[in-house]
Amino acid sequence: MRSSKWNRILGAFAALAIAAATQAATFGTLVPVRGTVSDIALDERRLQLYIANFSANRVDVMSTTSRTLGDPMPVFKPPSAVALSPDNRYLVVGHYDTFATASAKGGYTIFDLDAGLKQEVAIGNPVLAVSFGSGTQALVVTTGEILLLDPQSARTQSLTTTTLSSTALPVPFATFPPNIIKASTGVSGDRKTIVVLAEAAGSNAIFRYQVGDDKVTLIQYVSSPPLGPRAVSVNQDGSSFMVGWILLDSRGLNIAQFPYPLGEFRAGGHAFDNSRNLLYADIPTVANESPVMHIVDTDNLTVRERIQLPQMMSGRSVFSSDNDTLYAASDSGVMVLPIGSLDRLPRITILQEDVLFLADTCNRRVITQTIDVVEQNGGRVDFSISLPPNTSGVRLFPSSNTTPASVRIEVDPTVYQNAKGTTSIPLNLQSNGSVNIPVPARILINTRDFNQRGRIVNVPGKITDIISDRFRNRVYLIRQDKNLVLVYDSTSFRQIASLRTGNTPTGMAITEDQRYLIVGNDNSQLANVFDLETLQPSAPILFNNAYPRSIAVARGAIWASVRGGEAAKQALHRVDFAARIANVPPTLGIYNNLVPATAVLTSSPSSNSIFMAIPDGNVLLWDASVDLWVVSRKDLPGLSGAYGSFGDNLFTIDNNLLDQSLFPMTKLPTATGASSGVGLAGGAGLRTTTATPSGAGTIERIDLENFQAFHGTPFIEAPVLVSTLTTARVGQIGQTITPFTRTLAVPPDESSIILITQSGLTVLASNFDAPTQVPSVSGVVNSADGEPPIAPGGLITISGTGLSPTSASAIGLPLPSTLGDACVTVNNVALPLFRVSPTEITAQLPFSVTGEAPMVVRSPGGLSAPFTVRVLSFAPAIFRSGSAGDQTGIATVYRQKNNDLVTFTNPIHPDEGISIFLTGLGPTSPPAPLGDAAPADPLAIAATPPTVTLGGTELEVTFAGLVPGQVGIYQIDAYVPSGIRDAAQTTLGITQGTVTTELQVRVVNP
């Protein structure tokens, strides 16, 4: 042992400052180091960062205020690790000297920073890592043992022997410390847990040490690729920790992992932010990729944002005590990342994930919508927005600007009219001043023909699976890019919940008692379980070193296909639901239990059997009556596409129908394209297909007696296929698409058929193939008082027969021009539709139509004969939709003083205001959008002011125009002067142009 006076004054720095400026559109500051960084430790008392410079045999000292390097602290061997005691007194530096000539391969230097003393100790094994927890002793990891070091006495205590791997020196050029030392440590936020990641005989050795104990817990983990980056991060209480690219819990269970790790020891790093419950990670997917920090959730690694860094992380990262600054070892030094100010830095986004344009045979005019480009903190930053090269029929105004801004998108549907389906176009956003990488939005352009059925429910994201709840009016959708199960009401088709899953959810099943939803995940070694009564998570099902994918539930059994963490686990698993654990049966009855990860399973409607299909052509059948896999065949060279069961004795895979022995009985027609989904409704099978992703879909029934497909019917857009679900990777957002698709669900009441399609969902009536009448219009009136006068921009009610094959109501704005498979034109201008039924349609008239004009209704039954409507310039009509107590049908005239309807018991009083709600006041200034919410700023004022009289006395009109946020509903505010005579019944009149509407009201002088 040697001791010497260390008399340098920490904090005195050389005049040369090497603090790098923040690069444009990147987050953080880079401080280069002349050498290679193996570890860092933060000294907040002295405002310094200690940097182990492995190749220079020294510890560099960086000021955390000036971000400059001062006088270094030399050590006599390459420093592999540094750690600072909790009281900031002792700095322990590990030594790594694996040269063949070295007699002592390791050791450590202890700097007493308060006393200015330095002690150097040589030991036989190289030191791989050093960490302090909350105690006074440091955990020292060597290749041969793990020690506890008392820095005051420099004495050690052995906790356990080890056989850990490292690389002998010298090494080839451009070899960096993480590839040499192959180890790292992390400390929990409460400093009670230390986690060590090292290498042992080709596997990963993960040690967990509770401060104050005299033992360490070993978790051995085999991974492919290797667990790089060589970094460890631990959450606040040590209950979960990140090692390399895998998130483990305290038992060593893989909670979640980054889907596409490069596995290079040197490349990347991460850190838990315990104050914000986030994890910051740079996990490269390919060599030499641009450095990107992913901000992810700490339970399932869902990516929230991606931030551009000036340089790639490389190993250890440490937070300041206030969690405002992260210091990260980087490729050429240290990065200082001001996490606390990240929310104040420019980060740009488009508020809308999808922008859906609905065109049809009624509507071929240019369609306009707007999107909002914002900086997430409300600030100003430059942006440019663009379409893929050679995109036609779409224009952006403006294409560049400064946030916040509304960008107008104009779509000419005639360019896409031959598609007869939905064309998806990415909308890319860039900014020179923003530090984040924005997610592109989708422009979706649907150009249906009038004979195509269904309506679109836009659901953004990658929707990969759907199942229906037999007991509840719900369907469950996997949104794979956000690690969610979306819960939709199957009556209103509104989202009612979202359930957080593991990473990259792949398949779902509902337990036999219909109480729990099980979700498999391709990047978590567990299946999530959700209580469907409460829509809350329940205890998950644990899979030992395997990732559950497809899951099926039958009577008395739950089976799952998995992606094996080890070759020996690439087998079908059986779930013990009560114990919440999955086991591997040695065989599948008489068959080997060797099942690839791409296999899919589904149960029969009676739950008496489970059908399994494998892409290589193998199919298998499990029988609940004997609890055995009873059939295995391979009659087809390969399998993909839709899969399902039509009963215990009939199964379908792609275009093939299989009997109870899984023999291919017949092949379904392929003329309509590739298969996507199958289901069962009304005693017949259902199947969806498409010839092209941007075209129409086709749904057909399958006769289960003669096995013939019939009543093929086109629907509004193509169902998803494997080819459309498989997209370019985006950072560490997971994507697992098997060769098989399940895209069709039928609610328990069979009132509709729900499909996963290009825009999210398409909803079809269960009688989609029922014969339809040719529509016929018999009359048109205004929707306020039911009388004939109608005016531009007003609301109208169309009566007739066969107007629509189904009843439907619009669920949002802007109003669609097609609803319930029907659309209406007047003078070839499509009408926005509120409601449709076979006998009645409620719509808004265009502002541009006056005089006599032909009205035509289109539906799957054909085109109606033109019906001539007479559109007046003005046609004020007061709504009769009010109610008070048991009175209904009351005119919508309100006293402003009490905001109640004017009735006999609530009469008009002098010297106060009234508000009248009506339709038919015609065009406005500024012009209002057709079928969309009227503006609030500026207000849409009636271009021709109306006159209001009460008992022959003209009233002062203070406002006349459209109600903000409403469609086709106008409001008149008028003031009733003093001196108006009492009247049990007097006339309230509204005149515009030559048209007058009148109403009898009571007036009382108080």
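This is a predicted model: local features need pLDDT of at least 70, side-chain atom pairs count only at pLDDT 80 or more; totals for chains, interfaces and linings use all residues.
Colleague: Which cysteines form the disulfide?

Modeller: C362 and C823, with sulfur atoms 2.0 Å apart. The pair ties together parts that are 461 residues apart in sequence, because C362 lies in the loop between β31 (354-359) and β32 (367-375) and C823 in strand β74 (residues 822-826). Helices (H or I, at least four residues) and strands (E, at least two) are DSSP runs, numbered from the N terminus.

Colleague: Right-handed or left-handed?

Modeller: Right-handed, because the torsion about the S-S bond of C362 and C823 is about 70°.

Colleague: Is C362 buried or exposed?

Modeller: Buried, at a relative accessible area of 4%. C823 is buried too, at 2%. Buried means under 20% relative accessible area, exposed over 50%, and partly exposed in between (1.4 Å probe, protein chains only).

Colleague: What share of the contacts is between residues 24 or more positions apart?

Modeller: 54%, among contacts with a separation of 6 or more. Contact means heavy atoms within 4.5 Å.

Colleague: On to charge. How many salt bridges?

Modeller: 37, counting a side-chain nitrogen of Lys or Arg within 4 Å of a carboxyl oxygen of Asp or Glu. One of them joins R687 and E700, with the closest N and O atoms 2.5 Å apart. That pair links distant parts of the chain: R687 is in strand β63 (residues 684-690) and E700 in strand β64 (residues 697-702), 13 residues apart. Both R687 and E700 are buried.

Colleague: And what does K77 form a salt bridge with?

Modeller: D97, at 3.3 Å between the closest N and O atoms. K77 is in the loop between β6 (73-74) and β7 (79-84), and D97 in the loop between β8 (90-96) and β9 (106-112). K77 and D97 are both buried.

Colleague: Which residues are linked in a network of salt bridges?

Modeller: D43, R45, R46 and D114.

Colleague: Now backbone. Is the peptide bond from L169 to P170 cis or trans?

Modeller: Cis, with omega near 0°. P170 lies in the loop between β14 (155-161) and α1 (177-181). The S224 to P225 bond is also cis, with omega near 5°. Most peptide bonds are trans, and most residues other than glycine have a negative phi.

Colleague: So what is phi of N545?

Modeller: Near 60°, a positive value in a residue other than glycine. N545 sits in the loop between β47 (536-542) and β48 (546-554). N545 counts as buried, at 11% relative accessibility.

Colleague: Where does N828 lie?

Modeller: In the loop between β74 and β75 (829-830). N828 has a positive phi of about 65° although it is not a glycine. N828 is exposed, with a relative accessible area of 63%.

Key:
Residues are numbered from 1 along each chain as its sequence is written. Side-chain values use heavy atoms; hydrogens and water are left out. A disulfide is a pair of cysteine sulfur atoms within 2.5 Å.
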